[in-house]
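I am opening a notebook on a structure that is new to me, and I want to write down what I look up in it, step by step.

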Amino acid sequence: MGFSDYRTALVTGASSGIGAATVRRLRAEGLEVHALARDARRLASLSAETGCRICEVDVNDLAALTRLAGAAEFDVLVNNAGQSRRSNILDTAADDVDTLVDVNLSAVLHLTRLIAPGMARRNRGHVVNVSSIAGHYAFGENTTTFNSSVAYHATKAGIHSLSQQLRVDLYGTCVRVTEISPGRVATSIFQNQDAADNPDARFVGGFETLLSDDIADAIAFAVRASARMNVAMIEVVPTFQVVGELRFASRTQAAHLKDMRSGADNA
Ligand SMILES: NC(=O)c1ccc[n+]([C@@H]2O[C@H](COP(=O)([O-])OP(=O)(O)OC[C@H]3O[C@@H](n4cnc5c(N)ncnc54)[C@H](OP(=O)(O)O)[C@@H]3O)[C@@H](O)[C@H]2O)c1
């Protein structure tokens, strides 16, 4: 199995960032690529550039996903669409929880539920799920720029778990499942619009992040691997980004943190 055996791909979250880079990469390998997102203008420009097919669809539109899954046979499914919110559980809005669960987790389960059975029947296919290091680790104090919400962490942990169980459900078939877990990539997802319009932008001055092409390379590595090899998970982080911290507050520091929080609440 590899690029030469796959003919069609569906990439969600294709209008920008990692998804757009993945569309470009899979098109360059000769696959027919269906690019799914909501932003029609960006999709049209990607299609003009790469020849991909446009699927202007919200991943939470279950009827549209069902129609799409019934209209074509996909050999490669890249579940990449995602959103993030910057918040702490002490100030998380109800809408943010719902949106993150709907887009980052429910939609992936539904699309996989709709497409994986056809792959299993044909005994050919590859599901690539884009999770995050947020799904594997808790992040300690950081600049607010790099903060992501507990709901984001939880949905990405869900992507890790469903990827693990999907391999069990597809056991005995030639369908492969890969989880790609990126660290920080220069895209617009963490409210950095400059990155959306400039693929070469670093995330924030001074921080040398990954580029979307780096993640597309990791996806391509997994998809082109030989049939006997299922790249189960790849964690890709910027060289200057590490996870690892143990915090232990003394009673005095804990009281100080509590005062700071109530000061912020009263501000
Ligand atoms: N950038 C990072 O540092 C980083 C790190 C770890 C993991 N990731 C993951 O990588 C994936 C891609 O994100 P990115 O960094 O490339 O950010 P991005 O440039 O903001 O891309 C997100 C994509 O998701 C699409 N999307 C969002 N809501 C959607 C919806 N309801 N229906 C359909 N499409 C929707 C967006 O398209 P429309 O707005 O046009 O719909 C866009 O194409 C996400 O799953 C993210 O969690 C990113």
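**Ground rules.** I am working with a predicted model, in which local features need pLDDT of at least 70 and side-chain atom pairs count only at pLDDT 80 or more, while totals for chains, interfaces and linings use all residues. I number residues from 1 along each chain as its sequence is written, and side-chain values use heavy atoms, with hydrogens and water left out.

**Helix α1.** I began with α1, residues 17-28, which has 12 residues and reaches 17 Å from its first C-alpha to its last, close to the 16 Å expected at 1.5 Å a residue (the expected span is 1.5 Å times one less than the number of residues; helices are DSSP runs of H or I with at least four residues, strands are runs of E with at least two, and both are numbered from the N terminus). I then listed its buried residues, which are I18, G19, A20, A21, T22, V23 and L26 (buried means under 20% relative accessible area, with a 1.4 Å probe and protein chains only). These residues pack against β1 (8-12), β2 (32-37), α2 (40-50), β4 (76-79) and α7 (212-224). After α1 comes G30, whose phi is positive, near 95°.

**Cores.** Which residues touch the most other members of the largest nonpolar core? I found V23, V33, V78, I215 and I219, in a core of 31 residues (a nonpolar core is a set of buried Ala, Val, Leu, Ile, Met, Phe, Trp, Tyr and Cys residues joined through side-chain atoms within 4.5 Å). Helix α7 gives the most to this core, with 5 residues. Leaving aside neighbours within four places in sequence, I215 is in contact (heavy atoms within 4.5 Å) with I18, I180, P182, V185, L210 and V236. A second, separate core has 22 residues, including L65, F74, I115 and V177.

**Residue D75.** I looked next at D75, in the loop between α3 (62-71) and β4, and D75 counts as buried because its relative accessibility is 1%. Its side chain makes a polar contact of 3.0 Å with that of R124 (a pair of N or O atoms within 3.5 Å, one able to donate a hydrogen and the other to accept it; residues adjacent in sequence count only if both atoms are side-chain atoms).

**Ligand.** An oxygen atom of the ligand lies 2.8 Å from a backbone N or O atom of I18, and a ligand nitrogen atom is 2.9 Å from a polar backbone atom of V59.

Note on methods:
Buried < 20%, exposed > 50% of the residue type's maximum accessible area, 1.4 Å probe, protein only.
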